[in-house]
Amino acid sequence: MVSNKSLSQNVAGINFQNPVGLAAGFDYQAKLTKILSAVSFGFQTVGTITNHPYEGNPKPRLGRLPKSKSLMVNKGFKNPGIKEIVRKLQKKRIYDSGWN
């Protein structure tokens, strides 16, 4: 893990070890919360979580757009639901939300 005081920042009262973060949607099941910080991300988000589990949009959820030479990502908030995410995060001792 890379650590350098010159990279640390305080934004809105939150301390970040470095300015490189991982955007929402990558870890939508909250499986990688401890691993991602171990590979030097300064912050991360789990992604959109719905009240109930949601399977996401119909497949295909990923596609190529050859004309614009880009990719289309259309997962549609696929996630296991808030109760499962909170259970996982409490088990990992990331935080205590007070939810049961």
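Helices (H or I, at least four residues) and strands (E, at least two) are DSSP runs, numbered from the N terminus. By this rule, the protein chain has two helices and six strands. Their order along the sequence is β-β-β-α-β-β-β-α. The model is predicted: local features need pLDDT of at least 70, side-chain atom pairs count only at pLDDT 80 or more, and totals for chains, interfaces and linings use all residues. Residues are numbered from 1 along each chain as its sequence is written, and side-chain values use heavy atoms, with hydrogens and water left out.

The overall dimensions come next. The C-alpha trace of the protein chain spans about 45 × 40 × 25 Å along its principal axes. The radius of gyration of the protein chain is 16 Å, whereas a compact globule of 100 residues would have a value near 13 Å. This radius is taken over C-alpha atoms, and the globule rule is 2.2 Å times the number of residues to the power 0.38. The protein chain exposes about 7800 Å², and carbon and sulfur atoms supply 59% of that area. Accessible areas come from the Shrake-Rupley method with a 1.4 Å probe; for residues, only the protein chains shown count as cover. Of the 100 residues, 21% are buried (under 20% relative accessible area; exposed is over 50%, partly exposed in between; 1.4 Å probe, protein chains only). Contact means heavy atoms within 4.5 Å. Among contacts with a separation of 6 or more, 41% join residues 24 or more positions apart.

The loop between β3 and α1 holds A30. A30 has a positive phi of about 55°, although it is not a glycine. A30 counts as buried because its relative accessibility is 0%. D27 lies in this loop too, between β3 (21–22) and α1 (33–38). D27 is also classed as buried, at 4% relative accessibility. The side chain of D27 reaches the backbone nitrogen of K31 at 2.8 Å. This is a polar contact: a pair of N or O atoms within 3.5 Å, where within protein one must be able to donate a hydrogen and the other to accept it, and residues adjacent in sequence count only if both atoms are side-chain atoms. Beyond its neighbours within four places in sequence, D27 is in contact with L32, T33, L36 and V46.

S40 counts as buried, at 18% relative accessibility. S40 and N18 are 22 residues apart in sequence, yet their C-alpha atoms are 8.1 Å apart. P60 belongs to the loop between β4 and β5. The peptide bond from K59 to P60 is cis, with omega near 5°.

Strands β5 (residues 62–65) and β6 (residues 70–73) pair in the antiparallel sense over four bridges. Two strands pair if DSSP finds at least two bridges between them. L62 stands opposite V73 in β6. The hairpin has four residues between the strands, and K69 takes a positive phi near 55° there. K69 is not a glycine. K69 counts as exposed because its relative accessibility is 78%.

The structure holds one salt bridge (a side-chain nitrogen of Lys or Arg within 4 Å of a carboxyl oxygen of Asp or Glu). R87 forms this bridge with E84, and the closest N and O atoms are 2.6 Å apart. The two residues, R87 and E84, are three apart in helix α2 (residues 82–91), so about one helical turn separates them. R87 is partly exposed, at 41% relative accessibility. E84 is partly exposed, at 25%.
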